[in-house]
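I set down here what I looked up in this structure, entry by entry. The sequence and model come first.

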Amino acid sequence: MSVPVFGAARSGRVRPAAARGLAARLRPFAVVALVVPVMGVPLWLIVVTAGKSQGEALSPDLSLPSRWRLWDNLAQVWQQGEIPAAFLGSVLIVAPSVVLVLALGSMAAWVLARRGGRLTAALYALAISGIVLPPAVVTIVLLLRQLGLAGSPAGMIGVYVGIYLSTVIFFVTGFVRTVPVSLEEAARMDGAGPVRVFVSVILPLLRPVLATATILICLYVWNDVFYAFFVVGGRVDTLPLNLFQVANAGLYLNNWHLIFAYIILMSVPLLVVFAVAQRKIIAGITGGAVK
């Protein structure tokens with residue numbers, strides 16, 4: 001009587017283990033099956049619509065064009081859409097905004113992570129409150145007018161730094177807390193001051209998290225049209241703002257093939273930034289593991 005019971009118990013233990021193993025093997029395929037439609041379908045719609053003629057693109061769908069006109073449409077957008085001037089305007093605003101918000105945010109996060117007490121906790125809560133509190137657009141515009149920065153790239157850069165500083169502080173503070181304090185103490189024993197400790201010890205260790213923050217901030221700022229419309233108001237052309245203006249002016253009216261071609265050109269710099277930052281993330285993680 002004991003043998004069948006033992007066999008049943010053994011088979012009962014084996015089956016859940018086999019089921020868990022099968023589920024673990026199928027989980028990546030299930031994730032891919034969910035992600036591919038969410039990301040692949042919009043991307044496919046953009047590419048095939050940008051490759052169609054005006055008549056075929058009047059009602060955008062997932063069908064292939066009768067004849068690919070992607071390069072012709074991209075060339076037409078490049079010539080008629082003032083892409084070079086808008087690209088230069090976007091770079092002049094995005095690059096300083098990203099550099100300033102990363103530098104100021106990482107320094108503030110280092111101080112907040114190393115200091116204790118209720119005052120520091122209150123300052124940290126105030127610093128990251130910008131993540132959940134929406135910016136007051138009317139107040140921002142009025143303040144920039146009082147400062148004489150309305151409609152200028154400097155005013156737009158200041159707005160982006162103020163908006164996304166909370167995000168960088170939130171990301172970097174948690175990462176700094178994982179860095180051993182002994183590294184900073186060893187640098188101070190060698191005579192390094194606070195600036196030297198931050199630049200030589202802390203900043204190199206922040207490359208992975210700063211690369212992630214760079215991707216997010218570049219994505220937000222590069223594609224922003226809302227704040228650019230109210231702050232610079234057409235005085236400085238950026239790629240999203242230029243697309244909004246030329247579409248409303250009738251240049252791209254019902255020309256969905258040109259609009260999607262413009263989107264492709266506007267997305268290429270972001271893909272380059274993502275590729276570079278992704279390499280930095282992998283290099284930083286690998287370097288930290290080796291050390």
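**Entry 1. Helices α3 and α11**

How are α3 and α11 oriented to each other? I looked up the axes of α3 and helix α11 (residues 239-248), which come within 8 Å and cross at roughly 140 degrees. Axes here are lines fitted to C-alpha atoms, for helices over the stretch in contact, and angles run from 0 to 180 degrees between N-to-C directions. I therefore recorded α3 and α11 as oblique to each other. The classes are roughly parallel under 35 degrees, roughly antiparallel over 145, roughly perpendicular from 65 to 115, and oblique for the rest.

I then listed the residues in contact (heavy atoms within 4.5 Å). α3 contributes Ile83, Ala86, Phe87 and Ser90, and α11 contributes Leu239, Pro240 and Asn242. By class, I noted five nonpolar residues, two polar and no charged. Ala, Val, Leu, Ile, Met, Phe, Trp, Tyr, Cys and Pro count as nonpolar, Asp, Glu, Lys and Arg as charged, and the others, Gly among them, as polar.

**Entry 2. Basis and confidence**

I noted that this is a predicted model, in which local features need pLDDT of at least 70 and side-chain atom pairs count only at pLDDT 80 or more, while totals for chains, interfaces and linings use all residues. Residues are numbered from 1 along each chain as its sequence is written, and side-chain values use heavy atoms, with hydrogens and water left out.

I looked up the pLDDT, the predictor's confidence in each residue, from 0 to 100. The protein averages 80, and 85% of the residues score at least 70. Confidence is lowest in helix α1 (residues 2-50), with a mean of 69, and highest in helix α3 (residues 83-114), at 90. Over residues 6-14 the pLDDT is below 50, and I found zero contacts for this stretch beyond near neighbours in sequence. Residues 284-291 also have a pLDDT below 50, with two contacts beyond near neighbours in sequence.

**Entry 3. Overall make-up**

I recorded 12 helices and zero strands. Helices (H or I, at least four residues) and strands (E, at least two) are DSSP runs, numbered from the N terminus. Of the 291 residues, 34% count as buried; buried means under 20% relative accessible area, exposed over 50%, and partly exposed in between (1.4 Å probe, protein chains only). Among contacts with a separation of 6 or more, 71% join residues 24 or more positions apart.

**Entry 4. Helices α6 and α9**

I looked up the packing of α6 against helix α9 (residues 207-222): the angle is about 155 degrees and the axes are 10 Å apart. This makes α6 roughly antiparallel to α9. The crossing is right-handed; a crossing is left-handed if the near helix is turned anticlockwise from the far one by less than a right angle, and right-handed if clockwise.

On the α6 side I listed Tyr160, Tyr164, Val168, Phe171, Val172 and Phe175, and on the α9 side Val209, Leu210, Ala213, Leu216, Ile217, Tyr220 and Val221. The residues of this contact divide into 13 nonpolar, no polar and no charged.

I also looked up isoleucine 215, which lies in helix α9. Isoleucine 215 is buried, at a relative accessible area of 19%. Its C-alpha atom is separated by 7.0 Å from that of valine 273, 58 residues apart along the chain.

I found α7 and helix α8 (residues 194-205) packed at about 155 degrees, with axes 10 Å apart. α7 is thus roughly antiparallel to α8, and their crossing is right-handed. Leu183, Glu184, Ala187 and Arg188 in α7 meet Val197, Val201, Ile202 and Leu205 in α8. I counted this contact by class as six nonpolar, no polar and two charged residues.

Valine 179 lies in the loop between α6 (153-176) and α7 (181-189). Is valine 179 buried or exposed? I recorded valine 179 as buried, at 7% relative accessibility. Not counting residues up to four places away in sequence, valine 179 touches Arg114, Ile202 and Leu205. Valine 179 and leucine 205 are 26 residues apart in sequence and 8.0 Å apart in space, C-alpha to C-alpha.

**Entry 5. Asparagine 73**

I located asparagine 73 in helix α2 (residues 70-80). Asparagine 73 is buried, with a relative accessible area of 5%. Leaving aside neighbours within four places in sequence, I listed the contacts of asparagine 73 as Ala50, Gly51, Lys52, His257, Leu258 and Ala261.
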